[in-house]
Amino acid sequence: TNFTISSPANAVIGRYNLILQVTSGNRIFSRFLGQFVLLFNPWCPGDDVYMANENERQEYVLNENGIIFVGNAKYIEARGWYYGQFQDALLNVCLTMLDLSLYYRQDPAIDVSRRGDPKYVGRVISSMINGNDNDNGVLLGKWQGSFHSHENPSRWDSSVVILQKWRKDNYKPVQYGQCWVFAGVMCTVLRCLGIPTRLVSNFNSAHDVDRNLSIDKYYDSSGKSLNIGKDSTWDYHVWNESWFIRPDLGTSYNGWQVLDATPQEQSK
C-alpha cells in the first residue's frame, strides 16, 4: 500500500513520529513506522519563506560555499567560507539547538507551537548562535586580549567544524567568535532549516547605543576628546538577512529581514 502525507504550508518544523493506527471492529492496532523531519520550504508558494526565483533559491538555500567581506572601507578583504548546511548530522545539531534555547526551556509547549513562524525561529537561532545569554549558545565572542588558549576568530573558515565542536563538547560554547563568524554559522543553521539566508557586510559601521540615531562624540573647549559617550564606529560589521513575509507588519515589509547574532547587547 502506498500513501502520501501532505503537510500544511504553515506546519511546525522539527522531528515527527509516524504511527500507523488500524481500527478493526472495537480493536485498535498501532505500529511505529519511523521518524521524519519537516522543514521550511522555499519552493512552496504557501510557505512564509517562499522564494519565487529558482536562481535565488540555488544561491540562498542550496549553496554550501560563500564569500564574507571583512576589513575596512579602504581595504576590503574577501574570505571564503564553507557553510556546509547539508553535511551529515548537521540537521540534528540545528534541531537540537532549538530545544536548548531559553525560549524552549521556559515554555516548551508554546515554543514548539511557534516553530512554523520563520520570524520566531530566526529570533531563537540568533540568540543561540552566541553563548552570551548563558543559554548553551554556539560561540563565545572575544574582541580583545590574547587568543592563545583557544581559536583565534580569524582562523575559522567553516561553520561545520564549529558546529561539530559545539556538539562534541556537549554544547559548551566554542571559543572564540567575532561578527563574521557569528553570521557565517547563523547562515548555515537557517539554510539548513530551509530559510533563505545571506550575509551583509557594512563598512564604517555605526553602533548607536542610546537610540538617538546619531553617533555622538564629545570634546572639551580645547578640542580634546572626552571619553564619555558609548557610541562607536567599527571598521566593519557583518550580519544576516533572511527571506520571508511579514503578515504582522504588512506586505510592504515582505522580503529580506535583518537578523544579527553578534552579542552587542542583551537579547530582548
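**Burial and the model**

Buried means under 20% relative accessible area, exposed means over 50%, and partly exposed lies in between (1.4 Å probe, protein chains only). With that scale in hand, Asp 111 is buried, at a relative accessible area of 2%.

This is a predicted model, in which local features need pLDDT of at least 70 and side-chain atom pairs count only at pLDDT 80 or more, while totals for chains, interfaces and linings use all residues. Residues are numbered from 1 along each chain as its sequence is written, and side-chain values use heavy atoms, with hydrogens and water left out.

**Salt bridges**

Let's turn to the charged pairs. The structure holds eight salt bridges, each defined as a side-chain nitrogen of Lys or Arg within 4 Å of a carboxyl oxygen of Asp or Glu. One of them links Arg 115 to Asp 111, with the closest N and O atoms 2.5 Å apart. Arg 115 is buried at 6% relative accessibility, and Asp 111 is buried too, at 2%.

Arg 79 and Glu 77 also meet through their side chains, at 3.4 Å from N to O. Here Arg 79 is buried, with a relative accessible area of 18%, whereas Glu 77 is partly exposed at 30%. Another salt bridge joins Lys 165 and Asp 169, whose closest N and O atoms are 2.9 Å apart. Lys 165 is partly exposed at 36% relative accessibility, and Asp 169 is partly exposed at 29%. Elsewhere, salt bridges that share partners join Asp 99, Asp 111 and Arg 115 into one network.

Where does Asp 47 sit? Its place is in the loop between strand S2 (27-38) and helix H1 (54-62); helices (H or I, at least four residues) and strands (E, at least two) are DSSP runs, numbered from the N terminus.

Asp 47 is buried yet has no salt bridge, and Lys 119, the nearest side chain of opposite charge, is 11 Å away. For such charges, Lys and Arg count as positive and Asp and Glu as negative; His and the chain ends are not counted. The Asp 47 side chain does reach the backbone nitrogen of Asn 41, at 2.9 Å. Leaving aside residues up to four places away in sequence, Asp 47 touches Ala 9, Phe 40 and Asn 41, where contact means heavy atoms within 4.5 Å.

Strand S1 (residues 14-24) and S2 run antiparallel and are joined by 11 bridges; two strands pair if DSSP finds at least two bridges between them. Gly 14 has Leu 38 as its bridge partner in S2. This hairpin has two residues between the strands, and Gly 25 takes a positive phi near 65°.

Technical notes. Polar contact = N/O pair within 3.5 Å; in protein donor to acceptor, adjacent residues only side chain to side chain.
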